[in-house]
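This report covers a single protein chain in a predicted model.

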Amino acid sequence: MKGNNSEEIEMEANNSEEIGAGEKSSDAMDIVKFHSKLAAAGGLVMIPVLDFAAIAGVQVRMIQQLAKHYEVELTDNKSKVIISTLIAGLMPKTIAAGAVGSLIKAIPGIGTLASAFTLPALASTSTYVLGKIFAKHFGEGGSLFDLNKDHLKKMFGAEMKKTEAPSKA
């Protein structure tokens, strides 16, 4: 993942639909899509905060699966800490929105209904974007140890903006 200025990051985000060519990339996107669906299901958990933990667990597992798929070496304990830290650092706005969505479930009736529509969509989208970025990084020969957190954060933001654009039209 190269490029440091905003223009290069935006161009990279616009071109990131293709994470590579071939069967390996196709299989990686299958991993991402499967985990995106699991994350959406995690958003339906009716217990506030437990839903959030379920989504984070799915995202950690997805990144571990992608690393295994691309033969990126991980040690279980170290990778969980690194991945959890990265997820928290990449997605502060998404995490805040998810936490609010989770806590809204505590409001009887309307809160449960509102979060049933918003949290699964947010969980699925953020998991998909996160997976796409990591699949691209691992597919280019990257590892957890050579990630540029600031660059990944900008890529995540640019990708999330792309997913929001159609709904605002």
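## Helix α2 and its surroundings

In helix α2, the buried residues are Ser 25, Ala 28, Met 29, Ile 31, Val 32, His 35, Ser 36, Ala 39, Ala 40 and Gly 42. The helix has 20 residues and spans 29 Å from first to last C-alpha, close to the 28 Å expected at 1.5 Å a residue.

The axes of α2 and α3 come within 9 Å of each other and cross at roughly 170°. Since angles over 145 degrees count as roughly antiparallel, α2 is therefore roughly antiparallel to α3. On the α2 side, the residues that meet α3 are Lys 24, Asp 27, Ala 28, Ile 31, Val 32, His 35, Leu 38, Ala 39 and Gly 42. On the α3 side they are Asp 51, Ala 54, Ile 55, Val 58, Arg 61, Met 62, Gln 65, Leu 66 and His 69. The table sorts this contact by residue class.

| Class in the α2 and α3 contact | Number |
|---|---|
| Nonpolar | 10 residues |
| Polar | four residues |

## Nonpolar cores

The largest nonpolar core holds 26 residues, of which Met 62, Ile 63, Leu 66, Leu 130, Phe 134, Phe 138 and Leu 144 touch the most other members. Two or more residues each come from α2 (23-42), α3 (50-69), α4 (76-90), α6 (110-139) and α7 (149-168). The most come from α6, which gives six residues.

Beyond its neighbours within four places in sequence, Leu 66 is in contact with Ala 28, Ile 31, Val 32, Gly 131, Phe 134, Ala 135 and Phe 138.

## Ala 135 and the chain as a whole

Ala 135, one of the contacts of Leu 66, has its place in helix α6. Its relative accessibility is 0%, so Ala 135 counts as buried. The C-alpha atoms of Ala 135 and Ser 25 are separated by 7.6 Å, although the two residues are 110 residues apart along the chain.

For the chain as a whole, there are seven helices and zero strands, in the pattern α-α-α-α-α-α-α along the sequence. Of its 169 residues, 41% are buried. Among contacts with a separation of 6 or more, 77% join residues 24 or more positions apart.

Key:
Residues numbered from 1 in each chain as written. Predicted model: local features only at pLDDT ≥ 70, side-chain atom pairs only at ≥ 80, totals over all residues. Heavy atoms only, no water. Core = buried A, V, L, I, M, F, W, Y, C linked by side-chain atoms within 4.5 Å. Buried < 20%, exposed > 50% of the residue type's maximum accessible area, 1.4 Å probe, protein only. Helix = DSSP H or I, 4+ residues; strand = E, 2+ residues; numbered from the N terminus. Contact = heavy atoms within 4.5 Å. Expected span 1.5 Å × (residues − 1). Axes fitted to C-alpha atoms, helices over the stretch in contact; angles between N-to-C directions. Parallel < 35°, antiparallel > 145°, perpendicular 65-115°, else oblique. Nonpolar A, V, L, I, M, F, W, Y, C, P; charged D, E, K, R; others polar.
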